[in-house]
Amino acid sequence: MKIYYMNNFDFNLLMILNALLEEYSVNLAAKKLNVTAPAISKSLNKIRILFNDQILVRSGTKLIPTPKAISLKENIKELVNRVESIFNSNIVFEPKITTISFTIASNNAILFILNTILFQEMKDTAPNAFIHLVNDSDYDDNFLRNHTIDLYIGEIRALNPEITIRTIYVSKCCIVSRNRHPILSQTKNMDNLLKYQFIKTKNEHLTNSDEHSKYFWSERNFIGITPEYITTVNAIIHSDALAIIPEFILTMIQKLNIPITHFNTDFNLGKKSIIQAWHSKHNHSSAHKWLREFTKKIFLTSIK
């Protein structure tokens with residue numbers, strides 16, 4: 001086996017190269033690594049010498065990767081993730097004294113549910129930690145790959161292959177209507193339900209529903225679609241339309257005193273799975289393990 005010696009090699013250059021190959025921008029790489037742009041530019045010059053390649057070249061106002069950079073990108077990312085995982089697994093995490101910052105992405109409904117007791121529990125459990133809550137709809141499917149998000153809590157969505165996923169809750173679905181809706185005095189069978197139109201919430205991922213529930217979404221009965229459960233509920237209280245929502249959303253509805261009624265049917269309306277998802281490099285991080293268990297407990301406690 002041939003051994004290669006690299007005198008005075010700075011492994012921080014790999015971190016910087018990884019950020020540059022993700023952002024294609026000196027300024028954005030500097031922001032991600034919390035350093036100055038001139039420091040990134042200086043490191044880029046060292047990287048160019050190390051690899052004997054320009055790595056990024058200017059094209060108008062943008063930087064574009066060279067063929068060499070493109071060939072390096074995935075290997076550099078994998079190497080950086082492995083190094084970070086090794087170091088993270090050896091760090092002892094103590095919530096009471098940590099000053100760590102986490103970013104959690106979810107939809108508005110789940111953020112509302114978490115908010116119920118999240119920050120009070122943070123004050124008692126990890127008083128010096130900081131949690132930044134963001135809406136997952138503001139990010140594309142790479143949001144867990146590019147390290148801007150530490151943890152996703154929400155419904156199933158397209159994610160990259162290296163993302164670890166676990167289901168923390170499965171919710172049955174129910175039908176909601178405004179108070180004093182005519183359907184409330186009728187038998188909740190399919191014929192009566194189909195006399196009314198339905199509003200759908202974007203990105204429905206219903207599982208284990210009966211075959212005939214597809215009729216709710218037929219052209220005749222499907223009146224529109226909204227981006228969030230809260231907008232669906234708002235539409236319901238101002239119309240005769242109905243909607244199918246997961247039962248955990250009732251927690252938010254009850255806390256906001258929204259005047260709607262929910263009911264179940266004799267047939268299966270489907271289920272919603274709530275997952276946690278994170279980059280696999282955090283699998284063995286004691287800090288991220290704590291975050292996952294802490295937020296799971298908060299979510300399950302808040303929907304009881």
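1. A residue is called buried when its relative accessible area is under 20%, exposed when over 50%, and partly exposed in between (1.4 Å probe, protein chains only). C173, at 6% relative accessibility, counts as buried. C174 is buried too, with a relative accessible area of 0%.

2. This is a predicted model, in which local features need pLDDT of at least 70 and side-chain atom pairs count only at pLDDT 80 or more, while totals for chains, interfaces and linings use all residues. Residues are numbered from 1 along each chain as its sequence is written, and side-chain values use heavy atoms, leaving out hydrogens and water.

3. The structure has zero disulfides (a disulfide is a pair of cysteine sulfur atoms within 2.5 Å).

4. Aromatic pairs number six. Rings of Phe, Tyr and Trp (its six-membered ring) pair if their centres lie within 6.5 Å; planes under 30 degrees apart are stacked, over 60 edge-to-face, and the rest tilted. Y139 and F143 make a tilted pair, 6.4 Å centre to centre with 35 degrees between the planes. Y139 is partly exposed at 29%, whereas F143 is buried at 0%.

5. W290 and F294 are stacked, with centres 4.8 Å apart and planes at 10 degrees. Both are buried. They lie four residues apart in helix 10 (residues 286-302), about one turn of the helix. Helices here are DSSP runs (H or I, at least four residues), numbered from the N terminus. Ring pairs link F102, W290 and F294 into a cluster.

Note on methods. Helix = DSSP H or I, 4+ residues; strand = E, 2+ residues; numbered from the N terminus.
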